[in-house]
Amino acid sequence: MAQDFVRHRQPWKPDELAKLRTLAAKGMGLKAIAKALTRSEESVQDKAREDGLKIAKLR
């Protein structure tokens with residue numbers, strides 16, 4: 001039986017956004033950026049899409 005769940009996300013802080021932009025500009029992959037920010041890959045991917053950032057190895 002599959003359980004329904006609600007995804008609770010922490011709001012993005014300004015310093016995290018700056019780090020996301022910097023790491024994406026350096027050409028790091030999704031997995032590496034998610035690990036550096038200690039966030040899920042999905043969260044990083046969603047935020048990158050929102051802000052129009054290009055991540056090097058986006059699956």
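This is a predicted model: local features need pLDDT of at least 70, side-chain atom pairs count only at pLDDT 80 or more; totals for chains, interfaces and linings use all residues.

Student: How many helices and strands does the protein chain have?

Tutor: The protein chain has three helices and zero strands. From the N terminus on, the order of elements is α-α-α.

Student: And what percentage of the residues count as buried?

Tutor: Of the 59 residues in the protein chain, 32% count as buried. The accessible surface is about 4800 Å², and carbon and sulfur atoms account for 52% of that surface.

Student: What about contacts across the sequence: what percentage join residues at least 24 apart?

Tutor: The figure is 55%, taken among contacts between residues at least 6 apart in sequence.

Student: Turning to packing, at what angle do helix 1 and helix 3 pack?

Tutor: Helix 1, residues 14–25, packs with helix 3, residues 41–51, at about 85 degrees, and their axes are 11 Å apart. Helix 1 is therefore roughly perpendicular to helix 3, since angles of 65 to 115 degrees are placed in that class.

Student: Which residues make that contact?

Tutor: Helix 1 contributes Leu17, Leu20 and Arg21, while helix 3 contributes Val44, Lys47 and Asp51.

Student: Staying with helix 3, which of its residues are buried?

Tutor: The buried residues in helix 3 are Glu41, Ser43, Val44, Gln45, Lys47 and Ala48.

Student: Which helices do the buried residues of helix 3 pack against?

Tutor: They pack against helix 1 and also against helix 2, which covers 30–37.

Student: What follows helix 3?

Tutor: Gly52 follows helix 3, and the phi of Gly52 is positive, near 75 degrees.

Student: A change of topic: where is Glu16, and is Glu16 buried or exposed?

Tutor: Glu16 lies in helix 1. Glu16 counts as buried because its relative accessibility is 16%, and the cut-off for buried is under 20%.

Student: Which residues is Glu16 in contact with, leaving aside neighbours within four places in sequence?

Tutor: Glu16 is then in contact with Pro11, Leu37 and Arg39. Of these, Leu37 falls within the 30–37 range of helix 2.

Student: And how many residues separate Glu16 and Thr38 in sequence?

Tutor: Glu16 and Thr38 are 22 residues apart in sequence, and their C-alpha atoms are 10.0 Å apart in space.

Terms used
Residues are numbered from 1 along each chain as its sequence is written. Side-chain values use heavy atoms; hydrogens and water are left out. Axes are lines fitted to C-alpha atoms, for helices over the stretch in contact, and angles run from 0 to 180 degrees between N-to-C directions. Helices (H or I, at least four residues) and strands (E, at least two) are DSSP runs, numbered from the N terminus. Angles under 35 degrees count as roughly parallel, over 145 as roughly antiparallel, 65 to 115 as roughly perpendicular and the rest as oblique. Contact means heavy atoms within 4.5 Å. Buried means under 20% relative accessible area, exposed over 50%, partly exposed in between (1.4 Å probe, protein chains only). Accessible areas come from the Shrake-Rupley method with a 1.4 Å probe; for residues, only the protein chains shown count as cover.
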